[in-house]
Amino acid sequence: MKESLKKIVDTFHRYNTEHMAAQAFGLSENVVYDALVIAPSYTPYKLRMDNNCKVTTLKEGAYIAGYLVEKNGLNIAWIKIGSSAGNLIDHMALCAELSFKRMIFIGAAGGLKETFKLGDVCTPSYSISGSYADSYLMKDSIRENMLFARVVPDMRYVDQVIDIGRGKGYSLRKASVFCTPSIALEYAHLDEIKSFDADLIEMETSSFYLMTHLFELPGIALLVISDNSASGAALVGRTEEQQKQYDYGRNVVLPDMIIALAAE
């Protein structure tokens, strides 16, 4: 863990209680988890992981929750959080109190180019920071900003994850991502967003990779394509075939990859 993250957590504790991850998510500081899954809106139940794993609900709140997923001796901590960069940064900071070996972000993304089909599972080659929350995280002064900076993951680990997926018969795709702070307003600014030439759009991966850098742990973001503004594949009102493709990516590929990565 980098000193800057220790400072964030220590300052947070100065004005708040200890053991915040336990209070928010029910997760234990006395367990070394094989992986921490960070998931805006997705739960293990939503991905049907309770069909072949033991899933325990540890704590549920109004919009966050904590779960323990167990299989073949693996202990996977899972936090469901709200959408947005700020939510991800805040709740990952709480998890600095915990011990885990790697981090896995799972979420949905919209396609900005026609070549991305519903149900494709992608991982960022880089993420463009479109939220001012990242500036709070990485800059010494909030008067500075890093808007539209590219955040690049550890590509050696990305390639390793893609190889693991390939070994299981999955074709994970590298894709550039624009991180928007607003879903409703992205459509009003879609032409300008597309001028960045990103492949996908979602909300949190630039912040996730900045946090993995501070944690100094392996981290990977896995995104299932849920819609595509370029091809006209809608988020609401999918065809039967589109829904089938999406369900395969979400309910088969993502759960299988989570278990495979936790076992590494």
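Author: Two strands pair if DSSP finds at least two bridges between them. Helices (H or I, at least four residues) and strands (E, at least two) are DSSP runs, numbered from the N terminus. This is a predicted model, in which local features need pLDDT of at least 70, side-chain atom pairs count only at pLDDT 80 or more, and totals for chains, interfaces and linings use all residues. Residues are numbered from 1 along each chain as its sequence is written, and side-chain values use heavy atoms, with hydrogens and water left out.

Reader: What makes strand E2 (residues 35–40) and E5 a pair?

Author: Six bridges join E2 to E5, and the definition asks for at least two, so they pair. The two strands run parallel, and leucine 36 stands opposite alanine 77 in E5.

Reader: Why is strand E5 (residues 74–81) called mostly covered?

Author: Buried means under 20% relative accessible area, exposed over 50%, partly exposed in between (1.4 Å probe, protein chains only). Seven of the eight residues of E5 are buried. Of the 264 residues of the chain, 52% count as buried.

Reader: How do you know whether the chain agrees or disagrees with a compact globule?

Author: The radius of gyration is taken over C-alpha atoms, and the globule rule is 2.2 Å times the number of residues to the power 0.38. For 264 residues a compact globule would have a value near 18 Å; the chain has 18 Å, and therefore agrees.
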